[in-house]
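Let's take a walk through this model, starting with what it holds and who does the holding.

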Amino acid sequence: MEKTFNLPSHITTDKLKDLYKQMWLIRYFDEKVDQFFAKGLIHGTTHLCVGQEASAAGAIAALQDIDKITSTHRGHGHCIAKGARTDKMMAELFGRVTGYCKGKGGSMHIADLEKGNLGANGIVGGGIPLAVGAALTSKMKNEGYVVLCFFGDGASNEGSFHESLNLASIWGLPVVFICENNQYGMSGAAKDMINIPDIADRAGSYGIKGEVVDGNDLVEIINTVYDAVEDARDGNGPALIEVKTYRWKGHSKSDAKKYRTREEEQEWRSKDGIKRFKELLIEERVLTEELAEELQQEAKQEIEDAVRFAENSKEPSIDTLLEDVYA
Ligand SMILES: Cc1ncc(C[n+]2csc(CCOP(=O)(O)OP(=O)(O)O)c2C)c(N)n1
Ligand SMILES: [Mg+2]
């Protein structure tokens, strides 16, 4: 069986297995980071995307290798899905020389230009104009790549979102905006901050297509993003896709989550995108229980190995303190 579920032709059976493992990699990576933060072994700050795995894995699976992404402060999943090495990511969070920024950048500065990841961004809404700039480059130089731009519900209230969508629209740029509506921006519920039920409807103000997808349905995400990306590649301009999802953990470290109920959390956990994808793959005979378990264990082991790699790497030496630092 080469192709299932009416997915794009590059999503082969092997790719489906990879995606299943990839979602576990993202989850185990962030679970591990959570533990190390709690123990005080990782410094700075971090934002975990546990619960949002299908969004990163699905949207990026729709791309070709030449395509680019811009990410956010909650970007570990985007990074892994765009092909980053988990050991170099973990080393970066541990502040070691083997990390993506030689240990000086941390969670919100990981970029991987070789793989087309233009970088995480600590400025809410900061990646959106960058994505539009990269898409303008693609168009002007006729490079053929599309840019996938991730941001949150909170970021969709920033001026940069509105200015960027307007420019991308009038210039017909090859960029697809992915709004990961995880229901909260810090402690603010999206429903209290935005007076329309669907952020995707904001696309109408800019004359571009807007769609809502279920953030726990990997297949729906791949298909919707793929159509938008290929449309953009064909010169038909941008689109806005709102992924309805949920962050299982707090906003950042030390968040008691007093602004939401445990029942609400439980309800979203029961819709887990990884679990749903596993059930689908078993039903479609792509996976057996045994193979699913094997892939999950491989992912777990890779993250354990990433931690060993980080722990065994050196911290930057004092004489490199001012190297590669721009501010
Ligand atoms: C320009 C700017 N304003 C405020 C902040 C502080 N801040 C960091 S994350 C965040 C919430 C962002 O919410 P959302 O866009 O929904 O992303 P999520 O954290 O939910 O993934 C805020 C306000 C910031 N980093 N940058
Ligand atoms: Mg949010």
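What follows covers the two ligand sites in turn.

First, some housekeeping: this is a predicted model, where local features need pLDDT of at least 70, side-chain atom pairs count only at pLDDT 80 or more, and totals for chains, interfaces and linings use all residues. Residues are numbered from 1 along each chain as its sequence is written, chains are lettered from A and ligands numbered from 1 in the order written, and side-chain values use heavy atoms, with hydrogens and water left out.

Start with ligand 1. It has 15 residues around it, the closest being His-73, Arg-74, Gly-122, Gly-154 and Tyr-184 (near here means a heavy atom within 4 Å). That shell splits into five nonpolar, seven polar and three charged residues, with Gly counted as polar and Tyr as nonpolar.

Now look at the backbone. A nitrogen atom of ligand 1 lies 2.9 Å from a backbone N or O atom of Gly-122, and Val-124 likewise puts a backbone N or O atom 3.1 Å from a ligand nitrogen. On the oxygen side, a polar backbone atom of Ala-155 is 3.0 Å from an oxygen atom of ligand 1. The protein covers 72% of the 580 Å² of accessible area that the ligand has on its own (Shrake-Rupley, 1.4 Å probe).

Next, the magnesium ion, ligand 2. Its protein donors are Asp-153 (OD), Asn-182 (OD1) and Tyr-184 (O), at 2.1 to 2.2 Å; donors are N, O and S atoms within 2.8 Å of the metal (3.2 Å for Na, K and Ca), and the site may look incomplete, as water is not among the atoms. Along the chain, the donors are spaced D-x28-N-x1-Y.

Conventions. Polar contact = N/O pair within 3.5 Å; in protein donor to acceptor, adjacent residues only side chain to side chain.
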